[in-house]
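Take a walk through this structure, one region at a time. Keep the sequence at hand as you read.

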Amino acid sequence: MTIHVRAPGRVNLIGDHTDYTGGMVMPMTIDRWTEIRGVPADNISLRSENESQPAELGLQIDDPQHVEPPWAKYVAGVVAELQPYGGIHGTIVTDIPIGAGLSSSAALELAVALALGFEGDATTLAQLCRRAEIRASGVPCGIMDQLVIAAGQANRALLIDCGDVTVEPVPIPDDVEVVVQFVAHRVLVSSAYAKRVAECERAEAEIGPLRNATLHDTLSITDPVIRARAQHVVSENERVREFAQLLAGGDLAAAGVLMVASHNSLRDLYLTSTPVMDAAVEHLLQQRGVYGARMTGGGFGGCVVALTEPGALDDGWIVRAVDGAHRVS
Ligand code: GLA
């Protein structure tokens, strides 16, 4: 009996740093995968072609953060949350770039959970893997990455309400390309990310849940930094809703304008962009056939994403949305 599972990476079209306040996001899966092949065993032994050391683990894990080598923490996080009956001996192959902001860690978590026999729906799988990520990395991430990888659909982006945890697939028009460009490896990600989460909690202590707040509500926040963070989140939620309608209606020019507004908000109010990412977006916007472009994901490096006419760009990866994580056998 062999086990074979695959989980894709993801790119976020719009809606960053909103998920952990129960806000709106609109990511899609990409046609790059992490695959695990193996056989059932009493413990876990996984080799990855990208890593010099294997993940060798028992099935009882107390603290995933102390597991070595570092990549094995994500495997351990899933084992700690899933508490599987059996293990696996096998290999991991991936073409998702590691540490590039395309959710290689979430893809690994989902693949491991399925390989270890997870049974249940996409939302439960995503919630389990989100808890695994938090235990493994110590970063208080939201649910976007795990949920889009669990619930992804071919040729569709997902409009996700991270408060209700509801997913609405939105067809990506045929006459558009989604292009991802890698800009730089991410630095300072975990500390800066946790700081943003804490800043949103401070905003919510003053004006209540950001998912229900208006821009007018944010004006009463006394600290200007906290006010700026809240204004990003509130305006970004609104942009995501509008973007979903525009994409579904094929108004790509207007959708692109919202992507640029999202980038500018992350750059000016949320401070998660970097000068090289800003320059990459500027460069993209100067090219013919580009409707919009923005940084994508957690920021502080990673990738930029553009919405373009077919064939508009020579560099970058044209990505296609694919079905979410699944067992192949
Ligand atoms: C990372 C996190 C997600 C989300 C994004 C920013 O990818 O894992 O939960 O917060 O950053 O939108």
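N264 lies in helix 8, which spans residues 252-270. The model shown here is predicted. How exposed is N264? Its relative accessible area is 28%. Buried would need a value under 20%, and exposed one over 50%, so N264 counts as partly exposed. H232 is 32 residues away from N264 along the chain.

Turn now to the strands. Strand 6 covers residues 156-161. Five of its six residues are buried, so strand 6 is mostly covered. Which strands does strand 6 pair with? One is strand 2, residues 24-41. Strand 2 and strand 6 run antiparallel and are joined by two bridges. M24 has D161 in strand 6 as its bridge partner. Another is strand 7, residues 166-171. Six bridges link strand 6 and strand 7, again in the antiparallel sense. Across this pairing, L158 stands opposite P169 of strand 7. Strand 6 and strand 7 also form a hairpin, with four residues between them. Look at V165 in the turn: its phi is positive, about 55 degrees.

Next come the helices. Helix 1 (residues 72-82) meets helix 3 (residues 122-137). Their axes come within 8 Å and cross at roughly 125 degrees. On the helix 1 side, the contact takes in K73, Y74, G77, V78, A80, E81 and L82. Helix 3 supplies L128, R131, A132, E133, R135, A136 and S137. By type, the residues of this contact are seven nonpolar, two polar and five charged.

Helix 3 also packs with helix 2, residues 104-115. Here the axes are 10 Å apart and the angle is about 120 degrees. That angle makes helix 2 oblique to helix 3. The crossing of helix 2 and helix 3 is right-handed. Helix 2 brings S105, A106, E109, L110, A113 and L114 to the contact. From helix 3 come L125, C129 and E133. The residues of the contact of helix 2 with helix 3 divide into six nonpolar, one polar and two charged. Note E133 of helix 3: E133 is listed in the contact with helix 1, and E133 is listed in the contact with helix 2.

How values were computed:
Residues numbered from 1 in each chain as written. Predicted model: local features only at pLDDT ≥ 70, side-chain atom pairs only at ≥ 80, totals over all residues. Heavy atoms only, no water. Buried < 20%, exposed > 50% of the residue type's maximum accessible area, 1.4 Å probe, protein only. Pairing = 2+ DSSP bridges. Axes fitted to C-alpha atoms, helices over the stretch in contact; angles between N-to-C directions. Contact = heavy atoms within 4.5 Å. Nonpolar A, V, L, I, M, F, W, Y, C, P; charged D, E, K, R; others polar. Parallel < 35°, antiparallel > 145°, perpendicular 65-115°, else oblique. Left-handed = near helix turned anticlockwise from the far one by under 90°.
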